[in-house]
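Subject: Structure for you to look at

Hello,

Here is the structure I said I would pass on.

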Amino acid sequence: MESSFPALGLAAWAHLEAKAGRTLYWGAQGTAISHQPLLELFLQGHLRLGMFTVSPCSGSVHPSRMQLIKVECLAEQEGTWEEQIYIDIMDRDPTDNPLGIPFTLIVETCVPGLVENVASIFKEYPICSSADLSHQLQSVKGTGLFVRDENRFIFSKVQVGQEAEAHFSICNACRLPCDVALSIKPLPGEEQSLINNIFKLDPVKMSIRGSSSAVATVTFTPPDKQSYDCTFEASLEMPKG
């Protein structure tokens, strides 16, 4: 039986059902049931195997009842990990899986992160270098463009009092869903009042499915004919612990 748990710090559950009133206990590969004293198994309460913890590791199942087994995984590094445990039932046929009924635990762990490739984030807009900026500003037809070596998005040709929207794709680099906090801040040393009602952001929080993306919209409404600057940030919200 195989279970795949694609998560960090995952707590998963497996169900094992016995149809007769027999004592049920299970051990780990390398510490087969027959090599571990029965009393020790009953006193142990849980079984540690790599990054997995299985509990309880022994018990009795009454007729037509079910034993719930908790499998916890504490992921310490990225990758795919597999462990084998064996489930033994007293008085069963010893020629059928002598070490016990095999049960495979598989976990795939990954590190949450956002895609930092500017071509993915600013896929709706031209991307240029500062050396080519003057030419690009003259020829750009959309809302704006991104300057790669300055790490700067420029709204272009926006009339005073008119709104212009820019759409940025926030991409989840992990196969697990993630929560992202978005914000617009003034440049270091400047006050928030300088950009109030000039730059607006929607949404300010988003949940992105694994290996997927969501769109953040920044609205720019210049009240006067001058340049305005702000900083756009997208940050992962990490779960506590």
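One aromatic cluster is made up of Phe122, Tyr125, Phe146, Phe153, Phe155, Phe168, Phe199, Phe220, Tyr228 and Phe232. Rings of Phe, Tyr and Trp (its six-membered ring) pair if their centres lie within 6.5 Å; planes under 30 degrees apart count as stacked, over 60 as edge-to-face and the rest as tilted. The model is predicted, so local features need pLDDT of at least 70 and side-chain atom pairs pLDDT 80 or more, while totals for chains, interfaces and linings use all residues. Residues are numbered from 1 along each chain as its sequence is written, and side-chain values use heavy atoms, with hydrogens and water left out.

By the ring rule there are 11 aromatic pairs. Phe122 and Phe146 are stacked, because their ring centres are 4.1 Å apart and their planes are at 15°. Phe122 lies in the loop between α2 (118-121) and β10 (127-128), and Phe146 in strand β11 (residues 144-147), so the pair ties together parts 24 residues apart in sequence. Helices (H or I, at least four residues) and strands (E, at least two) are DSSP runs, numbered from the N terminus. Both Phe122 and Phe146 are buried; buried means under 20% relative accessible area, exposed over 50%, and partly exposed in between (1.4 Å probe, protein chains only).

Phe168 and Phe232 form an edge-to-face pair, 5.3 Å centre to centre with 70° between the planes. This pair links distant parts of the chain, with Phe168 in strand β13 and Phe232 in strand β18, 64 residues apart. Phe168 is buried at 5% relative accessible area, whereas Phe232 is partly exposed at 28%.

Next, the charged pairs. The whole structure has 6 salt bridges, a salt bridge being a side-chain nitrogen of Lys or Arg within 4 Å of a carboxyl oxygen of Asp or Glu. One of them joins Asp88 and Arg92, with the closest N and O atoms 2.8 Å apart; Asp88 and Arg92 are both buried. Another joins Glu233 to Lys185 at 3.1 Å, N to O. Glu233 is in strand β18 (residues 231-236) and Lys185 in strand β14 (residues 178-185), 48 residues apart. Glu233 is partly exposed at 29% relative accessibility, and Lys185 is partly exposed at 38%.

Last, a residue in a loop. Ser156 sits between β12 (152-155) and β13 (164-171) and is buried, at 7% relative accessibility. Apart from neighbours within four places in sequence, Ser156 is in contact with Leu137, Val140, Gly142, Thr143 and Gly144, where contact means heavy atoms within 4.5 Å.

Regards
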